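Open the model in your viewer and keep the selection tool handy. We will go stop by stop.

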Amino acid sequence: MIKILIVDDHHLFAEGVKSMFKYEDNIEVTHYTANGNEVPHLLSEHEIDVILMDMSMPILDGIATMTLIKEKGYDVPVLMLTMHQSIKQVKGALRKGAQGYILKDASKAELKQAIELTSQRKNYFHPKISDQVFDYFRGKSSSKNEMNELSEREIEIIKYLADGRNSKAIAESLFISEHTVKTHRRNIMHKLHVKTSAELIKLAMDKEII
């Protein structure tokens, strides 16, 4: 029997999921809370196989709750719930270690499959957002390869740009010519396929090199 903890501020939704599964489904909602701060205590007191967690909650949202769980040393697979098909939210959840992601309008069959896969620590993504997820992974892989092509000097220059320094100030800090800095900047933008310093800094922040 897969034991589920639901973390969601919509009580009726939690009750609906609880009543949805019968004994023969091998899934049981054993605990429920609307407050992410209570999750570590529940995990310490009860055996939980999967956490079914809402992304948007007023006290502590899903991503913040996942962070709290990790900080307290618990490693229980999390299936994220949402009403929205936001790739930004998907990325945030994946970065924090979510095992899967499902929309709240999913059918029982979809939710059952998602819970079963999550309990086995396999990934599940709702069909409506799976294309966005795969595009994200492809982009992440591609960007990672591009970042690997940067030299130490180029990364150093990106960090100076993020600090708000212009080419002249960077040149003075690195004891190189302003012309050399500008050449590095052109090469960096060509490698990363960006056109402006703002795009460059945003990409570098997204890829966590600054």
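Contact here means heavy atoms within 4.5 Å. This is a predicted model: local features need pLDDT of at least 70, side-chain atom pairs count only at pLDDT 80 or more, and totals for chains, interfaces and linings use all residues. Residues are numbered from 1 along each chain as its sequence is written, and side-chain values use heavy atoms, with hydrogens and water left out.

**Stop one: Leu 5.** Select Leu 5. Leaving aside neighbours within four places in sequence, its contacts include His 31, Tyr 32, Val 39, Leu 43 and Ile 51.

**Stop two: the core.** A nonpolar core is a set of buried Ala, Val, Leu, Ile, Met, Phe, Trp, Tyr and Cys residues joined through side-chain atoms within 4.5 Å. Buried means under 20% relative accessible area, exposed over 50%, and partly exposed in between (1.4 Å probe, protein chains only). The largest core has 21 residues. Leu 5, Leu 43, Ile 51, Met 53 and Met 80 have the most contacts inside it. Now select Ile 6: this residue belongs to a second, separate core of 18 residues.

**Stop three: Asp 61.** Is Asp 61 buried, exposed or partly exposed? Asp 61 is partly exposed, at 34% relative accessible area. Its side chain reaches the backbone nitrogen of Ile 63 at 3.3 Å. Asp 61 and Asn 37 are 24 residues apart in sequence, and 9.7 Å apart in space, C-alpha to C-alpha.

Note on methods
A polar contact is a pair of N or O atoms within 3.5 Å; within protein, one must be able to donate a hydrogen and the other to accept it, and residues adjacent in sequence count only if both atoms are side-chain atoms.
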